[in-house]
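Me: Please take a close look at one part of this model and the packing around it. I would like the side-chain neighbours spelled out, with the cut-offs behind each term.

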Amino acid sequence: FGVLTTVLNYIIYLPCYNVLHLSASVSNVIAWVFAVVFAYLTNKPFVFRSYDWSAQTVVPEFTKFVGGRIASGVMETAIIFLTVDLLRWDGNIMKLVTSVLVVILNYIGSKFLVFRKK
């Protein structure tokens, strides 16, 4: 599901950046929002086998999930802003490079902070 989340992120980022000509960092934030929602909805049951959808479980779980994703999303957007928007490096290549780091950090955060066994 990490791969599918990354693919969804790219499906949204690439047209925003290459077709709509939004800045790389703005394109990244838009793609991030969609990817985070998709990641939560798939990671919860299929990756971390968390099946309780009650509000008392979902609200704190989703809050921690988004909190962890914000940290990696800010890091990714900052790198993209610096390398692509400021230094004019290739936005497609830098998105790929930063995605590898983000996938690793998000998995670790989800496993040990969000969906840990009680």
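Reply: Start from serine 27, which is in contact (heavy atoms within 4.5 Å) with Tyr13, Cys16, Tyr17 and Leu22, leaving aside neighbours within four places in sequence. The model is predicted: local features need pLDDT of at least 70, side-chain atom pairs count only at pLDDT 80 or more, and totals for chains, interfaces and linings use all residues. Residues are numbered from 1 along each chain as its sequence is written, and side-chain values use heavy atoms, with hydrogens and water left out.

Serine 27 belongs to helix α2; helices are DSSP runs of H or I with at least four residues, numbered from the N terminus. Its relative accessible area is 0%, so serine 27 is buried (under 20%; exposed is over 50% and partly exposed in between, with a 1.4 Å probe and protein chains only).

Five aromatic pairs turn up in a search of the whole structure. In one of them, tyrosine 13 and tyrosine 17 have ring centres 5.5 Å apart and planes at 15 degrees, so they are stacked. Rings of Phe, Tyr and Trp (its six-membered ring) pair if their centres lie within 6.5 Å; planes under 30 degrees apart count as stacked, over 60 as edge-to-face and the rest as tilted. Both tyrosines lie in helix α1 (residues 2-19), four residues apart, about one turn of the helix. Tyrosine 13 is buried, with a relative accessible area of 0%. The charged end of lysine 95 sits over the ring of tyrosine 13, 5.0 Å from its centre; this requires NZ of Lys or CZ of Arg within 6 Å of the ring centre and within 35 degrees of the ring normal.

A nonpolar core is a set of buried Ala, Val, Leu, Ile, Met, Phe, Trp, Tyr and Cys residues joined through side-chain atoms within 4.5 Å. The largest such core has ten residues, including Trp32, Val36, Tyr40 and Phe65. Two or more of its residues come from each of α2 and α3, and α2 gives the most, with four.

Tyrosine 40 is buried, at 3% relative accessible area, whereas tryptophan 53 is partly exposed at 44%. The charged end of lysine 44 sits over the ring of tryptophan 53, 4.9 Å from its centre. Tyr40 and Trp53 form one aromatic cluster with Phe62 and Phe65.

As for the course of α2, the helix has 24 residues, but its end C-alpha atoms are only 30 Å apart, short of the 34 Å that a straight helix would reach at 1.5 Å a residue; the expected span is 1.5 Å times one less than the number of residues. Just after α2, arginine 49 takes a positive phi of about 50 degrees.

Helix α4 (residues 91-114) has buried residues that include Met94, Lys95 and Val102. The buried residues of α4 pack against α1, α2 and α3.
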